[in-house]
Amino acid sequence: MAQSFTWFPVNHLSSTKSNERLQNPYECPSVPLCSANDVQLRFLCPDDLEEVRTLCQDWFPIDYPLSWYVDITSSTRFFALAAIYNFSIIGLIVAEIKSYSKLNKEDRGIIPESMGRDAEIGYILSLGVHRKYRQNGIGSLLLDSLINHLTTAERHKVKAIFLHVLTTNRTAILFYERRGFVLHSFLPYYYSIRGKCKDGFTYYWCSQVLTAGGLCPWICGRMRTAFRWVCYRTIGRFHLQQDE
């Protein structure tokens, strides 16, 4: 975590703007930044806890416990990076590195077992940008920083990055797909939000070309995932027609 960040040049953010013009028309309009040079990246610290908690409660439908905020603002276990503008946090990304052997069963098919039991996977817990400053490339800037952090030579064990997302969060899904993330699996009733169960998806980004030994079973797994997704959509349309 002993990594420093400096000001980013204007052309970096302008090159990623097109990836984030995905906002809901009912959300607040975005506010163009005066200059991309005014955006700074730094890691979260304990003093950020209340500010981060307020932002996350506004951005995300999930109620994180206080202990989660304590962890991401103080523990080196997490890659918790904030985008700062006018001395305020306007975006953040939180991720951690997981051992392949400690992944949940539904996530182990992200990479083939031939890559080794000692392989590691990056997991994105949260990525959000203040409503007023969306469509300015902030999300892409944060995601790029994480990918760059996890694809260095010293982190050669990290083979992929994955995340979970609500099936109804079309904005986030389009964002990740445009950044090269691929659908891995459909997770029925994965989330519990305000007492209601919600479906989720697992998306992943793979950092290396798959080895030949694990390619065939991996492809078969992806085909099964695609088939389940088609069935899910077909059944959903069928129920919708019945209701009508």
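**Before selecting anything.** The model is predicted, so local features are given only where pLDDT is at least 70 and side-chain atom pairs only at pLDDT 80 or more, while totals for chains, interfaces and linings use all residues. Residues are numbered from 1 along each chain as its sequence is written, and side-chain values use heavy atoms, with hydrogens and water left out.

**The whole chain.** Display the chain by secondary structure, and you will find six helices and seven strands, where helices (H or I, at least four residues) and strands (E, at least two) are DSSP runs numbered from the N terminus. Followed from the N terminus, the elements run α-β-α-α-β-β-β-α-β-α-β-β-α. Of the 244 residues, 44% count as buried, a term that means under 20% relative accessible area, with exposed meaning over 50% and partly exposed in between (1.4 Å probe, protein chains only).

**Helices α2 and α3.** Next select residues 49-59, which form α2, and residues 66-74, which form α3; their axes come within 10 Å and cross at roughly 125°. The axes are lines fitted to C-alpha atoms over the stretch in contact, and angles run from 0 to 180 degrees between N-to-C directions. The two helices are therefore oblique to each other, since angles under 35 degrees count as roughly parallel, over 145 as roughly antiparallel, 65 to 115 as roughly perpendicular and the rest as oblique. To see the contact (heavy atoms within 4.5 Å), show Leu49, Val52, Arg53, Cys56 and Gln57 of α2 together with Leu66, Trp68, Tyr69, Val70, Ile72 and Thr73 of α3.

**Threonine 202.** Move on to strand β7 (residues 196-206), where threonine 202 is found. Is threonine 202 buried or exposed? Threonine 202 is buried, with a relative accessible area of 0%. Aspartate 107 lies 95 residues away from threonine 202 in sequence, yet their C-alpha atoms are 7.7 Å apart.

Finally, select tyrosine 189 in strand β6 (residues 182-193), which has a positive phi of about 55° although it is not a glycine. Tyrosine 189 counts as exposed, at 62% relative accessibility. Arginine 194, in the loop between β6 and β7, also has a positive phi, near 50°, and is exposed with a relative accessible area of 68%.
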